[in-house]
Structures are given as structure tokens and as C-alpha cells.
Amino acid sequence: MADQEENEISVEQKIEIAKWFLLNSPPDVKAILGDDEVYESAASEAFPLYNKAHLISLQFPNRSGDVLITSFGEINVNEYLDPRTAQVAKVDHIKQVCKSVRPATDEELPSSYVEEYRCAVEAELSRYVGEAYPKGICSVFCTSGKDVEDAGSDFTLVVVISAARHSPQNFCNGSWRSTWTIEFKDDLQVVEVTGRVQVGAHYFEEGNVQLDAKHECKDSTIIQAADDCAISLTNIIRHHETEYLTSLQASYSNLPDTTFKDLRRKLPVTRTLFPWHNTVQFALTKDITKELGIGK
Amino acid sequence: MDAALGLMRRIPPKHIDTALSALLSLLPHHSSDLLSQVDQPLQVLSDIECGKEFILCEYNRDADSYRSPWSNKYHPPLEDGPYPSSDLRKLEIEANDVFAVYCDQYYEGGISSVYMWEDENEGFVACFLIKKDGSKSGHGRRGYLQEGAWDAIHVVEVGPDENGTSHYCLTSTVMLSLTTNNESSGSFNLSGSIRRQMTMDLAVAEGHLHNMGKMIEELEGKLRNSLEQVYFGKTKEMVCTLRPPAELLQMRFPDNRDV
């Protein structure tokens with residue numbers, strides 16, 4: 001480092017910075033870096049993280065549907081399982097396309113016992129997502145206990161719902177991402193549900209404003225046959241997500257009279273505009289109060 | 001440079017500080033352009049002698065020192081920093097006193113500062129700044145905000161007196177962030193920035209302070225309303241586009257499930 005100029009930064013530092021930009025804004029960083037190798041290196045690390053965090057969906061080349069890019073379905077950094085069609089997609093993270101598709105191997109799929117539950121939840125959930133989200137995608141993954149053959153052991157499913165809108169011509173982007181962890185606990189015969197919802201929206205026409213909202217919740221139900229479980233789990237998810245949307249709307253309607261007012265009032269308490277012409281009075285009043293030692 | 005500015009426009013507001021530092025280290029030759037064109041939250045220093053705080057910006061800075069509008073001295077002290085002329089300083093003092101009252105009326109707390117300096121066109125430039133911490137641990141009267149910050153920067157260019165009128169050109173920038181946080185609805189954060197301009201030709205007889213003040217009040221009000229109704233409104237609209245309020249969704253039960 002000693003023989004570098006004062007203003008130069010190391011290649012490693014450039015890569016770190018590029019990664020940060022790539023993670024935090026739509027990919028557009030090449031021109032600033034002026035160095036393709038740095039960009040490639042940063043991009044190959046940052047894009048997978050970006051794509052997984054944003055729960056993007058890519059189309060299968062054989063038109064059999066979409067695959068969600070998430071850590072729950074990750075076989076390796078370039079391969080992602082779609083449980084619905086039992087296919088594995090090979091992806092190019094930087095170009096955000098699905099390059100090829102192959103059937104999943106038996107080791108990559110859950111046992112038929114777990115699959116019965118997973119499939120029932122996915123079917124019921126897809127109906128809900130189709131009704132509630134104009135452009136939503138969902139998948140159900142088994143993240144633990146996938147080889148469980150029968151009742152008597154625990155397993156965990158994860159529900160992922162992702163809906164996004166990109167409207168750069170309207171200067172507006174948005175995303176809704178829900179992740180529901182569903183733990184089947186055999187000894188208690190109970191299903192514990194933990195939900196995490198993250199909603200974002202960005203409007204940037206002659207200005208720049210962003211919404212960033214997060215919510216966590218818990219619920220539970222009893223273990224039943226697969227189809228009945230699917231219905232009660234989907235009802236739980238539907239209930240909490242609907243409630244959350246309502247509370248988001250309430251937060252917005254509180255702005256005028258409460259939250260935003262804490263930053264700046266619309267008008268002074270006097271309900272009139274500020275009397276700029278009476279500035280002389282203000283100055284006089286201040287002088288007098290100073291001389292008489294009144295107030296601060 | 002264009003790519004840099006384009007990038008900055010699309011960075012979510014709360015990451016702007018980090019993004020700017022990163023860009024400055026990637027493009028050191030463009031630092032003055034970047035600093036002047038990208039909005040950053042305002043910093044504050046204490047003028048201990050006067051017992052008041054003042055806001056830091058490019059307009060009261062010389063080298064690494066900042067001039068306090070209360071004492072007219074540089075912190076840390078400077079051998080020969082620039083000062084407004086004595087006439088302009090009188091106006092600056094009055095502006096600071098009056099603007100502090102304006103700030104109190106609209107912001108119920110907060111810090112304000114005004115800086116003025118002569119420009120080459122026989123007019124002058126004035127910069128009015130406000131910094132408000134609206135969080136419940138700050139000056140948030142109603143205690144709704146976990147975190148709340150409002151930074152306003154108003155720069156007015158005042159032209160010379162021409163037959164009794166002056167030309168005023170105001171550029172106003174507002175940056176804000178608000179966060180509510182509670183058990184039942186999680187965390188909700190809105191943040192952003194907006195900038196607009198306004199020009200007017202007004203009678204000098206009304207007084208420069210009156211003229212500038214009226215313009216600032218009007219434009220600040222417009223920005224506030226625009227943020228609340230248009231900008232926040234658009235984000236709300238987006239959420240409702242992603243997931244429309246579903247009053248009509250039926251709950252399904254095992255015994256009357258549709259086949």
C-alpha cells in the first residue's frame with residue numbers, strides 16, 4: 001500500500017464498493033468502475049446475493065413455469081430447485097436468466113410422506129396467491145426432515161411468496177416478499193408457523209421516496225391430514241397477511257395528523273401563515289426580553 | 001459522472017451517505033461536483049460561547065472550519081476566513097432571529113441557521129437551513145416516531161435593486177426519514193428527498209427578509225404537501241397494486257371447501 005498514490009484505492013476495495021452498489025440499487029455500475037475485471041468479480045459475488053434477497057423469479061426455458069431464486073431452494077450457487085415441477089434450473093445470476101433445466105434427482109426431492117404435505121400446502125397456497133396477488137409467485141420448500149418416511153419425526157416446510165413490480169417509465173418499483181416457516185412438531189402434534197413479511201416501494205419522479213416495512217408474526221395449528229393442514233395453514237397465512245396490509249394502510253392514514261406532524265406541521269398552531277411583516281416587533285420583543293433578563 | 005448521478009438518484013434514501021462516500025473514493029476527481037449535486041443530511045456544531053447550536057453546510061465553511069451565525073466566528077478558529085459585509089451581517093442577524101421563530105412555529109423544536117454572502121452580481125445569496133429531530137427521544141411532541149429526521153435547505157439568490165424590485169430565485173431541498181415501530185405492525189419507514197425551484201420579482205420596499213421568508217414558507221409548504229400526498233401516496237398505491245386490499249376473499253374451512 002505504501003507505493004500507491006494518495007487517491008487510489010486498492011482493487012479489493014473497489015470490488016467491495018461495487019458489491020455494495022450492486023446489492024443496493026438496480027445493476028448499473030459498470031460505467032463508474034471503468035474496470036471490467038473488478039465489475040465481473042464483484043458482480044459474481046453480489047448478484048446471487050441480490051437475486052436471493054429479492055426473491056426474483058426466472059422463467060424455465062421449456063415454458064413449464066417459473067423458478068424462485070431463494071436460499072431455501074438452492075442446490076448450489078448456480079442451481080435452484082423448483083419443487084412444483086421437480087426440476088432444477090441452472091441460472092446466470094448476472095444476466096438474470098435461466099440457462100438450462102434438468103429433472104431433480106431423488107436425493108434432491110423430499111420423501112413421499114413429506115411431499116404429500118408439501119404438495120397439498122402448495123396447491124392450496126397457489127390458489128390463495130392467485131387470488132390475492134395480481135402478479136405473485138409462490139413455492140413451498142422442504143428445508144429439514146425431507147427424508148422423513150412416516151409420522152413420528154419432525155420436518156419443516158418454508159413457504160415463499162414473492163410479488164414485484166418494476167415500472168421505470170412510471171418511476172416506480174415495488175416488492176412484497178413473505179417467508180413462512182412451518183415446523184411440524186411430531187411430539188406435540190403441533191405445527192408452529194413463523195412469518196416474515198417485507199414490503200418495499202420506491203417512487204423517483206423528480207424526487208426520491210422509499211417505503212421500507214417489515215413485520216414478523218407467529219401462529220400455530222394442530223397436525224392433521226395433509227389436505228386439512230394445507231387449508232388451515234393457508235388460512236393462517238391469508239389472515240396474517242391481510243391484517244398486515246390493513247396495518248400498513250393505517251400507518252399511511254396516520255401520517256397527516258400524527259406521525260408526519262411530528263416532523264413539520266402543516267400550519268403553525270395559530271392556523272395562519274407566519275407574520276413576516278411583523279419582524280420588527282419580533283426583534284423589539286427579543287431586545288426587551290433580553291434587557292429585562294426575562295426568558296432564555 | 002452522469003452514471004454516478006443516475007445511480008445516486010435511484011439509491012434508497014437511507015443509504016445515501018454510504019453511497020456518496022463510496023462514489024467519492026471511486027471518482028476522486030469529481031468530488032466537488034458530487035458534493036454540490038448530491039444532498040446529504042445536515043450536521044450540527046455547538047457554539048458554546050452563545051449556548052446555541054448551528055448547522056454546517058458548504059455556505060458557512062472555509063477549509064475545515066465553520067462560521068457560527070450567532071457569534072460570527074469560525075469553529076475551529078481561522079486566521080482569515082470570509083465574512084459577510086457589516087450591512088449584510090445585520091440582515092443575517094435579523095434573519096437568524098426571525099427564522100428561529102418561524103422554525104419554532106412550524107417545527108415545534110428543531111435547529112435553524114441562516115448564512116448570507118455577497119455575490120459577483122451586486123446582489124447576495126442567502127441560505128436558510130432547518131434540522132429537526134422528530135423522534136420521541138428528540139423533539140417529537142407526540143411521541144409517534146421511533147426515528148424521525150427532517151432537513152431543509154433553502155438557497156435564495158437575490159438580484160440587485162432594479163427600479164424598486166429585485167429578482168429572487170429560490171431552490172429548496174427537503175430530506176426526510178420517519179420510522180414507526182410497534183409490536184403489532186412491525187417497522188414502517190418512509191424516507192426521501194425532493195427539490196424544487198421558485199422565482200419571483202418582488203418590491204424591495206417590502207423588505208428582503210419578508211420577501212425571502214414568504215417564498216420559503218410557500219415552497220416549503222408545497223414540498224411538505226407533495227411529499228405527503230404525492231410521494232408517500234405513490235408508495236402506498238404501489239403496495240395496493242402488489243396486493244390489493246382483499247375484503248372479498250373468502251376464508252375456507254375443511255367442511256365447506258370448494259372442490
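Student: Which residues are linked with A:Arg84 in a network of salt bridges?

Tutor: The network of salt bridges links A:Arg84 with A:Glu115, A:Arg118 and A:Glu122. A salt bridge requires a side-chain nitrogen of Lys or Arg within 4 Å of a carboxyl oxygen of Asp or Glu. Over all chains, the structure holds 21 salt bridges. Before going on, note that this is a predicted model, in which local features need pLDDT of at least 70 and side-chain atom pairs count only at pLDDT 80 or more, while totals for chains, interfaces and linings use all residues. Residues are numbered from 1 along each chain as its sequence is written, chains are lettered from A and ligands numbered from 1 in the order in which they are written, and side-chain values use heavy atoms, with hydrogens and water left out.

Student: Why are A:Glu74 and A:Lys52 said to meet in a salt bridge?

Tutor: Their side chains are 3.0 Å apart, N to O, and the definition asks for a distance within 4 Å, so the pair qualifies. The pair links distant parts of the chain, with A:Glu74 in strand β3 of chain A and A:Lys52 in helix α3 (residues 36-53) of chain A, 22 residues apart. Helices (H or I, at least four residues) and strands (E, at least two) are DSSP runs, numbered from the N terminus.

Student: What makes A:Lys52 count as buried?

Tutor: Buried means under 20% relative accessible area, exposed over 50%, and partly exposed in between (1.4 Å probe, protein chains only). A:Lys52 has 18% relative accessibility, so it counts as buried. A:Glu74, with 27%, is partly exposed.

Student: How do you know that the pair of A:Arg264 and B:Glu220 joins two chains?

Tutor: A:Arg264 forms a salt bridge with B:Glu220, with 3.0 Å between the closest N and O atoms. A:Arg264 lies in the loop between α5 and α6 (279-291) of chain A and B:Glu220 lies in helix α5 (residues 208-242) of chain B, so the pair joins two chains. A:Arg264 is buried at 0% relative accessibility, and B:Glu220 is buried at 0%.

Student: What separates A:Glu124 and A:Arg127 in helix α4 of chain A?

Tutor: They are three residues apart, which means about one helical turn. Their side chains meet in a salt bridge of 2.9 Å, N to O. A:Glu124 is buried, with a relative accessible area of 5%, whereas A:Arg127 is partly exposed at 41%.

Student: At what angle do the axes of helix α4 and helix α5 of chain A cross?

Tutor: The axes of α4 (residues 112-132) and α5 (residues 226-259) cross at roughly 40° and come within 8 Å. Axes are lines fitted to C-alpha atoms, for helices over the stretch in contact, and angles run from 0 to 180 degrees between N-to-C directions. The crossing is right-handed, a term for a near helix turned clockwise from the far one by less than a right angle, left-handed being anticlockwise.

Student: Which residues in α4(A) meet A:Ile237 and others in α5(A)?

Tutor: Among them are A:Tyr117, A:Val121 and A:Glu124, on the criterion of heavy atoms within 4.5 Å.

Student: Why do β3 and β6 of chain A stand at the edges?

Tutor: The open sheet has the order β3-β4-β5-β6 (chain A), with antiparallel pairing. β3 (74-76) and β6 (97-103) each have a single partner strand, so one side of each is left without a neighbour in the sheet. Strands pair if DSSP finds at least two bridges between them. Four bridges join β4 (residues 79-82) to β5 (residues 87-92) of chain A, so this pair meets the criterion.

Student: What makes strand β7 of chain B largely enclosed?

Tutor: Eight of the ten residues of β7(B) (residues 124-133) are buried, so the rest of the structure largely encloses this strand. β7(B) pairs antiparallel with β6(B) (residues 111-118) over eight bridges, and with β8(B) (residues 147-158) over ten bridges, also antiparallel.
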